[in-house]
Amino acid sequence: MNTLKKIFSLLICSVVIAASFAGCKGDNDNNGTTNPNNQNAAVKSIRYLNFKPEIANKYQQIADEYEKETGIKVVIETAANNTYEQTLTAKMSTNEAPTIFQINGPKGYNNWKDYCADLSGTEIYKHLTDKDMAVTSNGAVYGIPYVVEGYGIIYNSAITDKYFALANKATSYKSMDEINNFAALSAIVEDMQKNASALGIDGVFSSTSLKSGEDWRWQTHLANIPVYYEFKKNNVDLTSDAANKISFEYSENYKNIFDLYTTNSVTDKKDLGKKIVDESMAEFAQGKSAMVQNGNWAWSQISEISGNTVAENNIKFLPIYTGIAGEETQGICIGTENFLAINSKASEAEQKAAADFIYWLYSSEKGKSYVVNDLGFIAPFDTFNENETPSDPLAKQVVEWMNKDGVTNIPWYFTVFPSQNFKNDFGSVLLQYAQGTKSFDDVKNVVVTRWESESAAAQ
């Protein structure tokens, strides 16, 4: 009997050890997620708090498909417009806390850092095209962008080609491919303005919309460029207190491009306070201007405007050059305000299941089809090929710039801008500067002082 007991005991130990190794092997094979079908059986569901109400039904379709394929239920909950932070706050303290949620860049991470898991080992992060776009702190990754957009100077190549063909042009440039710094850009812009009648335009640039509430292209998007270069030069951790002050070190570069916009424009400077974005885009669409600063979202504005004369194959992006040293390799501004985070308070199995779902969505054929065709996202992952992008020409341009060799695209740093009050004050003094009632030193002073005071108020 003793011998039988020993044999029986050894058999049980062997089974247990084999099962343990099998379990370990399964975890290693699916660490960071390549095979969602190997989920831990204990995980029956995960929760996703969606930020965008307009696509909630699309996410539900995705969740249904994922459950059918893997057996894992993804509970989709959606915050109402402008209530995401409040909803997230309420949910985090309950047993219905989201496994997957969204943060708004470094500022959002600071609010939720106690709930953000390190995603540096996940498969989805490995496939992020530009790792600099992730929200990071002390070498760890806490937010991964899931959709990107891009902005720069949109130009109509039919008009610029017409300029390069002019017999009496004052520059030696032959194509937009040669324009890779501010000196070149300003030279052709100023000469195009002199030849406006021959080119059939009212001005090179569409109106710089400086009406209150319509000035976001300048107090946010354009301002992103000098802020990015200043923080990059000083190695500022965007999640640290070092981001609470700015010297506006590259203010002259900002002034360079802002003056170029307003001086070579369809509209006189003194009237810019009346202009709105829609008017600016209509001027471009109707061929009254050759260039306008905006993003890929503007294609719908351009294409749907009555009297649009801009053909799809003639709409292109140029980086916003300002005269900063080394800008010859600068790309357009590509980024997002939307980053996926995984709840660090969830169990390890749930965190892994969440990472699996995200990877499935952005790597499987079904998932990618939803991303491109239903959600309409430009996805920042190398799992997508050039044909797996939205079909509009500006979206295609963003993807092209994302994939250019030797080019550094500028990330969106305006997720660290201190407040809307700061932006409003910046826009107001910009209008006064354009109208000649304030100096650019006044602009710089507002930017520096209001950045610090609004950052302090937010603490």
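Helices (H or I, at least four residues) and strands (E, at least two) are DSSP runs, numbered from the N terminus. This is a predicted model: local features need pLDDT of at least 70, side-chain atom pairs count only at pLDDT 80 or more, and totals for chains, interfaces and linings use all residues. Residues are numbered from 1 along each chain as its sequence is written, and side-chain values use heavy atoms, with hydrogens and water left out.

Start with helix H5 (residues 123-126). Glutamate 123 forms a salt bridge with lysine 126 (a side-chain nitrogen of Lys or Arg within 4 Å of a carboxyl oxygen of Asp or Glu). Their closest N and O atoms are 3.5 Å apart. The two residues are three apart in H5, so about one helical turn separates them. Glutamate 123 is buried, at 12% relative accessible area. Lysine 126 is partly exposed, at 45%. The cut-offs are under 20% for buried, over 50% for exposed, and partly exposed in between (1.4 Å probe, protein chains only).

Now turn to a helix pair. Two packed helices are described by the angle between their axes and the distance between the axes. The axes of H2 (residues 56-70) and H14 (residues 348-363) come within 12 Å and cross at roughly 110°. Axes here are lines fitted to C-alpha atoms, for helices over the stretch in contact, and angles run from 0 to 180 degrees between N-to-C directions. H2 and H14 are therefore roughly perpendicular (65 to 115 degrees). On the H2 side, Tyr59, Ile62, Glu65, Tyr66 and Glu69 make the contact (heavy atoms within 4.5 Å). H14 brings Ala353, Asp356, Phe357, Trp360 and Leu361. Seven of the contact residues are nonpolar, none polar and three charged.

Glutamate 65 pairs with lysine 68, with closest N and O atoms 3.8 Å apart. Glutamate 65 is buried at 12%, whereas lysine 68 is exposed at 67%. Aspartate 356 is buried, at 1% relative accessibility. Elsewhere, Arg47, Glu77, Lys91 and Glu96 are linked in a network of salt bridges. The whole structure holds 21 salt bridges.

Finally, look at the backbone. Most residues other than glycine have a negative phi. Asparagine 138 has a positive phi, near 55°. Asparagine 138 sits in the loop between strands S4 (135-137) and S5 (140-145), and is exposed at 77%. Asparagine 235 has a phi near 50°. Its loop joins helices H10 (224-233) and H11 (251-263). Asparagine 235 is exposed too, at 69%.

Note on methods
Angles under 35 degrees count as roughly parallel, over 145 as roughly antiparallel, 65 to 115 as roughly perpendicular and the rest as oblique. Ala, Val, Leu, Ile, Met, Phe, Trp, Tyr, Cys and Pro count as nonpolar, Asp, Glu, Lys and Arg as charged, and the others, Gly among them, as polar.
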